[in-house]
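Take a look at the protein model below.

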Amino acid sequence: MSQSAFKRFKEKIRPRWVRTLRQWAQSRVRLEKVRRHFGLASIDGNPLAGIKKSDTLFILGSGASINDLSEAEWATIRGADTLGFNFWLVNDFVPSVYVFECLHEGDPDCACLVANLAARRDDYAGVPMILKDGERHRPEVLSQFLGAMPESLRRQVRLTWDWEIPGHDFPDFVGQVRRLRSLGVFTRSFYPNIRKRASIFYLALLGLRAGYKNIVLCGVDLSNNAYFYDSRCDEFEAKGRSVPLHRQAVAAPVHKTADPRYGELTITRAMQTLDREILQPAGVKLYVAFRSSGLHPDLPAYFER
């Protein structure tokens, strides 16, 4: 029996939806165990509940174009809800909510992230924090990561029950998105938050669930692998922040998540599908900050120059 025939046979005797429900249930049980141990907020409901104060959400990534934002554009951003993620901690601007992912102790980014959480402890006091990707790790790994955080900030953390759409085949991905949409998975808070390929997919869906009408991706360049802190290491280190130096790689034509050499389902194709199949029908407008983003012109630029 060929490998493809064997795969079809397995699908017949144990359909994908059965495996998915089992995985959802198992991941939720593991997250709930950790949540109870640390006394964190419930993993149920909308993770951005109580945060939304505007109709526009600016998602702040780490691309080098962050350094191109003008004072007038920053004023616009400050007047709306903002979400920074992962190494946004290095930047001076403190967002409305901060999202980060669980990292294994052996991951070279882990010590850097924990050091920045400690360095920004006072700046981020009272800022809601969302920890994603917990279901990828064993409870003891997730607990170890949370335990390494400053205790004062850990009390602000909310775990999200999230799950990544499996597979790397693009047509199959589109089919799964449509099936999940028909079940209301993307909008109903009693389902897990959906991830795919990169953080911005998950973050845009958080914005959808929270009821934002406009979602703007800032610093989501994808057209290169440069970061806003690459050219400002001395400045940030002088302020006591840890800059992930290993990310300062030789310039690449596109970001790894947008490079088809790493799989036909690039983040570009994933975001195009999300916009067309989920966000537009829901009346949500998805933007990039500038035309220089690799997601333009499929996504319009919010800041026209």
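The paragraphs that follow move from the whole chain to single residues.

This is a predicted model: local features need pLDDT of at least 70, side-chain atom pairs count only at pLDDT 80 or more, and totals for chains, interfaces and linings use all residues. Residues are numbered from 1 along each chain as its sequence is written, and side-chain values use heavy atoms, with hydrogens and water left out.

Start with the whole chain. The protein chain has 10 helices and 9 strands. Both are DSSP runs, numbered from the N terminus: helices are H or I with at least four residues, strands are E with at least two. The C-alpha trace spans about 60 × 45 × 40 Å along its principal axes. The radius of gyration is 19 Å, which agrees with the value near 19 Å for a compact globule of 305 residues. That radius is taken over C-alpha atoms, and the globule rule is 2.2 Å times the number of residues to the power 0.38.

Next, the inside and the surface. Of the 305 residues, 53% are buried. Buried means under 20% relative accessible area, exposed means over 50%, and partly exposed lies in between (1.4 Å probe, protein chains only). The chain exposes about 14200 Å², and carbon and sulfur atoms supply 52% of that area. Accessible areas come from the Shrake-Rupley method with a 1.4 Å probe; for residues, only the protein chains shown count as cover. Contact means heavy atoms within 4.5 Å. Among contacts with a separation of 6 or more, 73% link residues 24 or more positions apart.

Now find strand 8, residues 214-218. Strand 8 is mostly covered, with 5 of its 5 residues buried. In a regular strand the side chains alternate between the two faces of the sheet. Here N214, V216 and C218 point one way, while I215 and L217 point the other way. Which strands flank this one? Two strands pair if DSSP finds at least two bridges between them. Strand 1 (residues 56-60) pairs with strand 8 in the parallel sense over 5 bridges. In that pairing, I59 stands opposite L217. Strand 9 (residues 285-288) also runs parallel to strand 8, joined by 4 bridges. There V216 stands opposite Y287.

Strand 2 (residues 81-85) holds T82. T82 counts as buried because its relative accessibility is 2%. Beyond residues up to four places away in sequence, T82 touches L57, F58, L60, I77, F93, P95, S96 and V97. G50 is 32 residues from T82 along the chain, and their C-alpha atoms are separated by 13 Å.

Move on to the loop between strand 4 (129-132) and helix 5 (139-148), where E135 is found. At 16% relative accessibility, E135 counts as buried. Leaving aside neighbours within four places in sequence, E135 is in contact with S27, R30, L31, D162, W163, E164 and R195. D133 lies in this loop between strand 4 and helix 5 too. D133 is buried, at 3% relative accessibility.

Last comes the backbone. Most residues other than glycine have a negative phi, and most peptide bonds are trans. D133 is not a glycine, yet has a positive phi of about 70 degrees. L222 is another residue other than glycine with a positive phi, near 65 degrees. L222 lies in the loop between strand 8 and helix 9 (233-238). At 9% relative accessibility, L222 counts as buried. Finally, a cis peptide bond joins H296 and P297, with omega about 15 degrees. P297 sits in the segment after strand 9.
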